[in-house]
Amino acid sequence: MAESKPNVPDRSTPDRGQELSGVSASDAYDKRDEKHPGAFSELMAPVAGFGVSFATMFRKVATEEYPEEKRPTAPRFHGRHQLNRHPDGLEKCIGCELCAWACPADAILVEGADNDDTPMSQGGTGRYSPGERFGRVYQINYLRCIFCGLCIEACPTRALTMTNEYELADHSRAALIFEKSQLLAPMSEGMVPAPHPMVEGMTERDYYQGKVTKATPQQRQFVTERDERIDGADAPGTDEAPQTVSEVGR
């Protein structure tokens with residue numbers, strides 16, 4: 001009975017794939033039989049992996065001199081929130097609390113109150129927004145806020161937007177709970193601080209259509225008389241309890 005021979009490929013007959021690649025069968029087997037790298041190569045192999053690290057150690061590092069030189073943020077960067085005003089100074093927030101409902105981190109607290117057109121001399125609390133209500137209390141807890149922007153998407157009046165300010169670090173946890181006075185946009189030219197009446201002849205719809213461009217003389221006169229009345233209540237010798245603007249509407 002004939003002995004079975006091991007299945008050894010014939011080197012003389014090149015493989016079809018090797019013919020296409022231009023490598024002969026003998027060369028392929030010669031490469032398989034190559035010797036392993038020497039002892040020096042094996043010793044330097046782990047060090048070769050740090051070649052990129054060693055090459056970059058001696059390059060000049062482009063260090064940003066923060067906070068002396070601040071790098072500008074992207075135009076749509078999600079930073080600290082801001083409560084916007086209308087051009088005459090009335091607040092855009094109507095106290096609907098939709099931003100608080102949309103916040104996934106429960107970081108926003110809003111308490112609405114009704115606007116009052118009764119004269120303040122007769123005990124009225126004043127008007128803070130063109131709508132029926134305004135945000136009497138507005139707080140954002142930046143210990144919880146994740147800056148996702150869902151609150152500004154939920155706001156129906158574009159009262160709440162996000163600025164490019166990102167420096168919010170502090171040494172106190174209480175300092176990172178921002179109140180309404182900290183979130184309100186600063187007064188611009190043509191504005192007068194609320195509370196004060198709406199522009200005469202204008203409706204809430206007119207405000208949101210951009211028909212109000214600045215405070216009218218009647219509004220400025222109202223604010224002047226209001227401040228004089230408050231200053232007179234604060235003067236010594238008066239029996240009337242002092243009432244500040246921040247206390248109006250509480």
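Predicted model: local features only at pLDDT ≥ 70, side-chain atom pairs only at ≥ 80, totals over all residues.
Me: How many aromatic pairs does a search of the whole structure find?
Reply: The search finds five.

Me: Why is the pair of Phe77 and Tyr166 called edge-to-face?
Reply: The ring centres lie 6.1 Å apart, and pairing needs them within 6.5 Å.

Me: Why does Phe77 count as partly exposed?
Reply: Its relative accessibility is 29%. Buried means under 20% and exposed over 50%, so Phe77 falls in between. Tyr166, with a relative accessible area of 33%, is partly exposed too.

Me: What makes Tyr142 and Phe178 an edge-to-face pair?
Reply: The centres are 5.0 Å apart, with 80° between the planes. The cut-offs are within 6.5 Å for pairing and over 60 degrees for edge-to-face. Both residues are buried. Ring pairs also join Tyr142 and Phe178 with Phe147 in a cluster.

Me: How do you know that His196 is buried?
Reply: Its relative accessibility is 1%, and the limit is under 20%, so His196 counts as buried. His196 lies in the loop between α7 and α8. Among the residues His196 touches are Asp88, Arg127 and Phe222.

Me: What lies 3.3 Å from a polar atom of the His196 side chain?
Reply: The backbone oxygen of Val192.

Definitions and conventions. Residues numbered from 1 in each chain as written. Heavy atoms only, no water. Phe/Tyr/Trp six-rings, centres within 6.5 Å; stacked < 30°, edge-to-face > 60°. Buried < 20%, exposed > 50% of the residue type's maximum accessible area, 1.4 Å probe, protein only. Helix = DSSP H or I, 4+ residues; strand = E, 2+ residues; numbered from the N terminus. Contact = heavy atoms within 4.5 Å. Polar contact = N/O pair within 3.5 Å; in protein donor to acceptor, adjacent residues only side chain to side chain. Lists of a residue's contacts leave out its neighbours within four places in sequence.
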